[in-house]
Protein chains: 2
Amino acid sequence: MRFLKKHKKVKTRFCAYLAESIDGRISLDSYTYPNWTSKEDWHFLQKELKKMDAVVCGRVTYEVAQERLDKRNTFVLTTKTSSIEKSGSVTFVNPKTVDLKNLFEGYKNVGIVGGARVYQEMLNKGMLDDLYVTIEPIVFGRGREAFFGGTENFRFTLESVKKMNKQGTVLLHYIRPNEN
Amino acid sequence: MRFLKKHKKVKTRFCAYLAESIDGRISLDSYTYPNWTSKEDWHFLQKELKKMDAVVCGRVTYEVAQERLDKRNTFVLTTKTSSIEKSGSVTFVNPKTVDLKNLFEGYKNVGIVGGARVYQEMLNKGMLDDLYVTIEPIVFGRGREAFFGGTENFRFTLESVKKMNKQGTVLLHYIRPNEN
């Protein structure tokens, strides 16, 4: 048996990307594409997504950005599907009935692109390693929070902080400390 | 009359201070003192407040930090007072019946220390010039948002960004562009 190489398991890296207002809102209205984020954030996100083997999003985010997401290996978390349904490169998954951990076996880099419940779900399940937060210099005082429906606190460490443009968009890169 | 000097009006500078989680929450529970903020944030706030001639807060914030606030010129915004009531160095003001602009005449530096409705109220009224946001490296997924009850967007410009400690607490200093 010594000629059989042990299959080396690829550790999947989950990277979440979110753009928020100073007061932590990721959208005013979930059903329209955000028009308040900077072009620097857009370019950053596109560049990052090129490195990803797959992206994860919620149903509403998928509907808003369907044209773009249909071209990727996209996993849509939705309770409207009983378990798993595939349509082209898009897989609809019910996180209540399917073990998400098995789903990404073999994927090296997975991008999480929201919304709030998906960020929270992936964080709860220990499937969020890198968190990239773009803070646009605006206060909304209303709208949808970046994470939502949580019941416990999650500590991060800051990897880097960067000013992205003249107006003062800031990019924060956080890492979840390894729990092992 | 030429010997009468014209009284030069002091322009009051309003500085808001807030500490939030990565997801923009300033508290999990309004009625207890936050125990998740860093000592660096605490020292920064204390140093800043020394420069202030007065502080503004809401009723709940006042009740939580009463011992400290009783020692300052404190203005407590509350609808439980019909107009203005003074008790020592603390003034209780109803923002619905009293014009806040007149209230701070002669004050040079006024600190706004929360909560969410007070930050929003002062911003709405054009009485928020500097915004200091400390972001602690933690995700709550629940709790009270930094600004609340807003109906319009307010743009800021970033003055500076600073890493405050090893864990990755970040201090962002924003300025409201002059509208004149």
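Modeller: Before we start, contact here means heavy atoms within 4.5 Å. The model is a predicted one.

Biologist: Fine. Through which surface do the copies meet?

Modeller: They meet through the same surface, because 100% of the interface residues of chain B are also interface residues in chain A.

Biologist: And what rotation superposes chain B on chain A?

Modeller: A rotation of 180°, with 0.0 Å of shift along its axis, and the RMSD is 0.0 Å. That is the relation of a two-fold axis.

Biologist: Which C-alpha in chain B is nearest the axis?

Modeller: That of B:Gly24, at 2.0 Å from the axis.

Biologist: Switching to the fold. What is the strand order in the sheet of chain A?

Modeller: The order is β5-β6-β4-β3-β7-β1-β8-β13-β12, nine strands in an open sheet with mixed pairing. From one strand to the next the twist averages 20°.

Biologist: How do β4 and β6 of chain A run, parallel or antiparallel?

Modeller: Parallel, with four bridges between β4 (residues 74-77) and β6 (residues 90-93) of chain A. In that region A:Leu77 stands opposite A:Val93 of β6(A).

Biologist: Which strands does helix α1 of chain A touch?

Modeller: Helix α1 (residues 39-49) packs on the sheet and touches β1 (13-20), β3 (54-58), β8 (130-135) and β13 (170-175) of chain A. Its direction makes about 165° with that of β1(A).

Biologist: Now the core. Which residues touch the most other members of the largest one?

Modeller: A:Met122, A:Leu131, B:Met122 and B:Leu131, in a nonpolar core of 70 residues.

Biologist: Take A:Leu131. What is it in contact with, leaving aside neighbours within four places in sequence?

Modeller: In chain A, the contacts of A:Leu131 are A:Ala16, A:Leu18, A:Phe147, A:Phe156, A:Leu172, A:His173 and A:Tyr174. From chain B, A:Leu131 meets B:Ile22 and B:Val139.

Biologist: Last topic, the peptide bonds. Is the one joining A:Gly114 and A:Gly115 cis or trans?

Modeller: Cis, with omega about 5°. Most peptide bonds are trans.

Biologist: Where does A:Gly115 lie?

Modeller: In the loop between β7 (109-112) and α5 (116-124) of chain A.

Biologist: And what about the bond from B:Gly114 to B:Gly115?

Modeller: That bond is cis, with omega near 5°. B:Gly115 lies in the loop between β7 (109-112) and α5 (116-124) of chain B.

How values were computed
Residues numbered from 1 in each chain as written. Chains lettered and ligands numbered in written order. Predicted model: local features only at pLDDT ≥ 70, side-chain atom pairs only at ≥ 80, totals over all residues. Heavy atoms only, no water. Pairing = 2+ DSSP bridges. Helix = DSSP H or I, 4+ residues; strand = E, 2+ residues; numbered from the N terminus. Axes fitted to C-alpha atoms, helices over the stretch in contact; angles between N-to-C directions. Core = buried A, V, L, I, M, F, W, Y, C linked by side-chain atoms within 4.5 Å. Buried < 20%, exposed > 50% of the residue type's maximum accessible area, 1.4 Å probe, protein only. Least-squares fit on C-alpha atoms with pLDDT ≥ 70 in both.
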